[in-house]
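Subject: Handing over the structure

Hello,

Here is the structure I promised to pass on to you. Please open it beside this email, and I will then walk you through what turned up.

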Amino acid sequence: MADVEEPKFNSLADRIAALNKQKNFTTPPPSTKRPPPPPPGAGKLPSRVLTSNANSTASLQSPNIPPRPQKQDAPSLPRRTNTTESIVKTPPTLPGRDAPPPLPTRNGSEQSPALPTRRPSAQPLHNRRGSNSSEVSHISSISNLSLNPVSSRTSTTSTETQPTRRVLAPTLDLAKLPPLPPSRKEREAREAKEAAEREATEVIKPPLPSTRSAPAVPNVGSQPGLPPRLPSRPGNSAAHPQVDENPSVPPRRLPPPPSAFVRPTGTFESSRKLVTPGPRPAREEPPPVPLSSRPTFSEVKAVAVRKTADCLLCRDFSGPDSVAAQYPGHSLPRHDPAGYLANVLCGPFSSATDKARAIFTWCHHNIAYNTEEFFGKCINHRTAEETLFYGKAVCQGYAEAYQAIAERAGLECVVVSGHGKGFGYKPLKKGERPPPKDATGHAWNAVRIDNGEWKLLDACWGAGHVGDNQKYTKQFTPRMFTWSNERFGLSHFPRDERYFFREDGSIPTWEDYYIGPDKGERAEFYGSDEGLSEFTFSPVLKHIPVYSGQVVRFQFSKICEHWDPERHGKGKNYLLLMKIYGVDGRKEDLVPVDTDGFWWWVDIPARDLGAPGQTVFLYALTTLNNRDARGATKEEFYRVKNSGAYSMAWAIYAKWELV
């Protein structure tokens with residue numbers, strides 16, 4: 001910054017007068033007020049009192065600084081080096097003065113040292129914030145320290161940074177603190193002491209005489225629980241027959257359940273531990289069984305039905321299926337066929353799930369796959385009403401017809417487009433990469449059922465299938481409605497990722513979908529109609545190595561814990577057999593599969609399966625000596641086989657290839 005010559009003054013009074021004429025100051029009115037208090041920190045330093053002359057005493061009396069007047073012609077002092085341009089503009093140079101006159105000498109006993117270069121104070125002035133005159137006073141040529149009523153030596157010394165004095169807290173007096181609350185151990189000890197005192201002073205009443213003939217009545221709620229079952233008595237066996245629902249079976253080695261499947265608690269399995277009654281005297285008779293509190297068989301069955309209502313795999317859809325079969329397509333009215341079907345199919349049911357199932361079953365009965373247009377590559381797009389009258393469609397026509405009826409019935413329904421592992425799909429071989437992503441070529445539906453849940457279904461694949469000979473086979477496939485969304489997603493990949501509707505919200509990639517969860521070609525499975533789950537099958541992969549030196553376990557289970565073959569299926573379970581060929585494929589044999597009613601399993605050494613290139617099968621014994629073989633046991637099979645004269649027929653459930 002360029003140096004500006006300061007005007008010369010003969011005395012301190014002339015200097016003050018010149019300052020008052022500037023636009024930053026005005027002539028203060030005469031005041032008899034006391035001088036302002038010293039700045040912070042000035043009173044903390046030891047005061048060194050020096051003698052000064054009258055001029056020095058007059059300079060220490062600082063008047064109150066009023067707001068800055070707006071004068072245009074008043075001269076201004078040159079700007080100091082520690083000021084900012086935002087506060088003070090550069091003043092004009094006073095003409096005709098080369099240097100200011102020296103200040104009069106002080107008559108003190110000690111010569112005051114020259115003032116150092118003024119530095120901006122780091123201490124904030126909170127009590128003077130917001131005053132224009134206060135901000136200017138920091139940049140004026142008069143030091144703030146000269147306005148304090150202390151000696152010059154004290155003022156000069158106060159500009160240095162002084163350490164802040166620490167004020168210590170008074171000494172803590174522990175006697176004045178409130179007592180601490182008792183600890184946990186102290187409370188427990190005091191409570192134990194009070195309990196002992198109460199017991200000592202409590203009047204002990206004599207015990208009442210025991211009534212041994214009266215049974216203990218448990219304290220139950222509004223609905224009593226079942227009493228523990230007592231062994232049947234010979235004298236009353238005819239009046240109250242006891243049926244053992246869980247007969248004892250010889251010990252067997254049960255298969256370890258797969259890690260991906262957790263067997264839930266059965267409907268009639270209790271989580272409470274049975275309480276065994278203690279020994280009783282021989283002369284005492286047991287109390288009578290309260291038959292009035294025992295539920296009837298119909299009540300137990302009703303509870304079982306409620307438990308399985310939420311499981312689509314074992315839910316009873318006989319009502320919607322029977323209604324769907326009563327309205328063939330040729331009986332539809334020419335006006336508003338979708339509204340008519342919505343009324344007759346969904347009107348009898350209040351459940352959204354039953355309504356969706358009735359429409360699904362109706363499509364199976366009345367719409368066939370249009371193989372002529374599909375294989376002729378001349379597919380004609382028709383409206384939903386035209387499809388209902390025509391009775392033929394491809395997958396897109398099925399989905400649009402289903403949506404039209406569902407929306408007229410008040411159901412939320414959308415058509416989902418994407419890729420399906422249907423006709424023409426070939427599983428990848430080991431090490432083969434999936435093709436580029438192409439989520440096109442198929443269509444299905446998503447409908448909102450009970451509890452606001454979105455359900456994926458495929459009315460096209462549920463109505464039938466197309467074989468390798470390009471012929472359509474009409475066959476009802478209910479799993480296209482009952483499969484979970486996770487299982488449905490293994491064979492359907494939507495173009496819009498919002499339509500996976502998985503419970504965990506996950507979205508699989510195209511590679512994961514096309515390769516599958518098993519990372520290889522799965523074994524061929526055909527037994528889902530009999531209540532067997534293909535996702536608990538083991539081995540999962542199609543090829544089994546013969547010379548691995550291991551024991552191969554063939555294992556699978558029911559599709560659901562609630563599945564009852566007589567109530568949900570076609571009757572009792574078939575006896576399952578493994579068709580093997582012996583060591584090096586030289587001896588054919590049928591090995592029965594063990595079961596506990598939920599799991600099926602059998603262990604066979606790999607060498608006994610056969611030779612590489614052969615195929616092992618899982619058979620279901622359907623006919624034995626010209627009669628239905630449902631419910632046949634392993635003992636009965638061996639007895640008929642060893643008789644030498646027998647006839648048998650089988651159905652294939654699964655097959656594997658030996659390598």
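How many aromatic pairs does the structure hold? The count is 26, where rings of Phe, Tyr and Trp (its six-membered ring) pair if their centres lie within 6.5 Å, and planes under 30 degrees apart count as stacked, over 60 as edge-to-face and the rest as tilted.

Before the details, two notes on how to read everything below. This is a predicted model, in which local features need pLDDT of at least 70 and side-chain atom pairs count only at pLDDT 80 or more, while totals for chains, interfaces and linings use all residues. Residues are numbered from 1 along each chain as its sequence is written, and side-chain values use heavy atoms, with hydrogens and water left out.

**Rings**

One of the aromatic pairs is made by Y369 and Y472, which are stacked at 6.4 Å centre to centre with 25° between the planes. Y369 lies in strand β1 (residues 368-369) and Y472 in strand β7 (residues 472-474), so this pair ties together parts that are 103 residues apart in sequence. Strands (E, at least two residues) and helices (H or I, at least four) are DSSP runs, numbered from the N terminus. Y369 counts as buried because its relative accessibility is 13%, and Y472, at 22%, counts as partly exposed. For these words, buried means under 20% relative accessible area, exposed over 50%, and partly exposed in between (1.4 Å probe, protein chains only).

F637 and Y638 give a tilted pair, with 5.6 Å centre to centre and 55° between the planes. Here F637 is buried at 1% relative accessibility, whereas Y638 is partly exposed at 37%. Elsewhere, ring pairs link Y425, F493, F500, W510, Y513 and Y514 into a cluster.

Some rings also have a charge over the face (NZ of Lys or CZ of Arg within 6 Å of the ring centre and within 35 degrees of the ring normal). R382 sits over Y390 in this way, 4.2 Å from the ring centre, and R487 sits over W483 at 3.6 Å.

**An open sheet**

Which strands make up the open sheet, and in what order? Four strands take part, in the order β10-β12-β16-β15, with antiparallel pairing. Two strands pair if DSSP finds at least two bridges between them. At the edges are β10 (532-538) and β15 (594-595), each of which pairs on one side only.

Three bridges join β10 to β12 (residues 551-558). Across this pairing, S533 has S557 as its bridge partner, and L532 has K558. Seven bridges then join β12 to β16 (residues 599-605), also antiparallel, with F556 standing opposite W600 in β16. β12 is mostly covered, as seven of its eight residues are buried.

**Salt bridges**

Side chains of opposite charge can pair when their charged atoms come close. A salt bridge here is a side-chain nitrogen of Lys or Arg within 4 Å of a carboxyl oxygen of Asp or Glu, and by this rule the count comes to 22.

One of them joins D354 to R315, with the closest N and O atoms 3.3 Å apart. D354 is in helix α9 (residues 352-366) and R315 in the loop between α6 (297-307) and α7 (318-324), so the link spans parts of the chain 39 residues apart. Both D354 and R315 are buried.

A salt bridge between K542 and E524 has its closest N and O atoms 3.6 Å apart. K542 lies in the loop between β10 and β11 (543-544), and E524 in strand β9 (residues 524-525), 18 residues apart. K542 is buried at 11% relative accessibility, while E524 is partly exposed at 26%.

D584 and R607 also form a salt bridge, with the closest N and O atoms 3.6 Å apart. D584 is in the loop between β13 (575-580) and β14 (589-592), and R607 in the loop between β16 and β17 (615-624), 23 residues apart. D584 is partly exposed at 36% relative accessible area, and R607 is partly exposed at 35%. Finally, salt bridges that share partners join E521, E524, K542, K655 and E657 into one network.

Happy exploring, and best wishes
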